[in-house]
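Biologist: Before we go through the side-chain contacts and the pocket, could you bring up the model so that we can look at it together?

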Amino acid sequence: MAYHFSKKIKASFPGAVKKVTEALKTEGFGIITTIDMKETLKKKLDVDFRDYITLGACNPLFAFEALQ
């Protein structure tokens, strides 16, 4: 079973991360965490993995409202 959203773009990996970060910013989100899975898996398990970054995005207003 696969559950995900995807979008293919013509950009390098760093360029794609930059575009996503900028798009989130225009919607009021900031990046509060960045997990580089390639780096983490290399450091923790000494395995090579493809470029893979998880961005933790937060919109402070939405977060505050959700916590009320």
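Modeller: Here it is, and please keep in mind that this is a predicted model. Let us begin with two aromatic residues, Tyr-3 and Phe-5, both of which are exposed.

Biologist: What kind of aromatic pair do Tyr-3 and Phe-5 form?

Modeller: The ring centres of Tyr-3 and Phe-5 are 6.2 Å apart, and their planes make an angle of 65°. Because an angle over 60 degrees puts a pair in that class, the pair of Tyr-3 and Phe-5 is edge-to-face.

Biologist: How many residues apart in sequence are the parts tied together by Phe-29 and Phe-62?

Modeller: Phe-29 and Phe-62 also form an edge-to-face pair, with 6.0 Å from centre to centre and 65° between the planes. Phe-29 is in the loop between H1 and strand S1, whereas Phe-62 belongs to helix H3, so the pair ties together parts whose separation in sequence is 33 residues.

Biologist: Is Phe-62 buried, partly exposed or exposed?

Modeller: The relative accessibility of Phe-62 is 48%. Buried requires a value under 20% and exposed one over 50%, so Phe-62 counts as partly exposed.

Biologist: Which residues are linked with Lys-42 in a network of salt bridges?

Modeller: The side chain of Lys-42 meets that of Asp-46 in a salt bridge at 3.2 Å, N to O, and it meets that of Asp-48 in a salt bridge at 3.2 Å, N to O. Lys-42 is partly exposed at 37% relative accessibility, while Asp-48, at 67%, counts as exposed. The residues linked with Lys-42 in the network are Asp-46 and Asp-48.

Biologist: How many residues apart are Lys-38 and Asp-51, which form a salt bridge that links distant parts of the chain?

Modeller: The side chains of Lys-38 and Asp-51 meet in a salt bridge with an N to O distance of 3.3 Å. Lys-38 sits in helix H2 and Asp-51 in the loop between H2 and S2, and their separation is 13 residues.

Biologist: Turning to the largest pocket, which element gives the largest share of its lining?

Modeller: The largest pocket, with a volume of about 580 Å³, is lined by 16 residues, and Val-20 is one of those nearest its centre. The elements that give two or more residues to the lining are helix H1 and strand S2. Val-20 lies in helix H1, and the largest share, 5 residues, comes from H1.

Biologist: How many residues of that lining are nonpolar?

Modeller: The lining of the largest pocket includes 4 charged and 2 polar residues. The nonpolar residues in the lining number 10.

Note on methods
Residues are numbered from 1 along each chain as its sequence is written. This is a predicted model: local features need pLDDT of at least 70, side-chain atom pairs count only at pLDDT 80 or more; totals for chains, interfaces and linings use all residues. Side-chain values use heavy atoms; hydrogens and water are left out. On a 1 Å grid over the protein atoms alone, a cavity is a set of points where a 1.4 Å probe fits but cannot get out, and a pocket is an open set with protein on both sides within 12 Å along at least five of seven lines; lining residues have an atom within 4 Å of a point. Grid points are joined across faces, edges and corners, and a volume is the space filled by probe spheres set on the points. Helices (H or I, at least four residues) and strands (E, at least two) are DSSP runs, numbered from the N terminus. Ala, Val, Leu, Ile, Met, Phe, Trp, Tyr, Cys and Pro count as nonpolar, Asp, Glu, Lys and Arg as charged, and the others, Gly among them, as polar. Rings of Phe, Tyr and Trp (its six-membered ring) pair if their centres lie within 6.5 Å; planes under 30 degrees apart count as stacked, over 60 as edge-to-face and the rest as tilted. Buried means under 20% relative accessible area, exposed over 50%, partly exposed in between (1.4 Å probe, protein chains only). A salt bridge is a side-chain nitrogen of Lys or Arg within 4 Å of a carboxyl oxygen of Asp or Glu.
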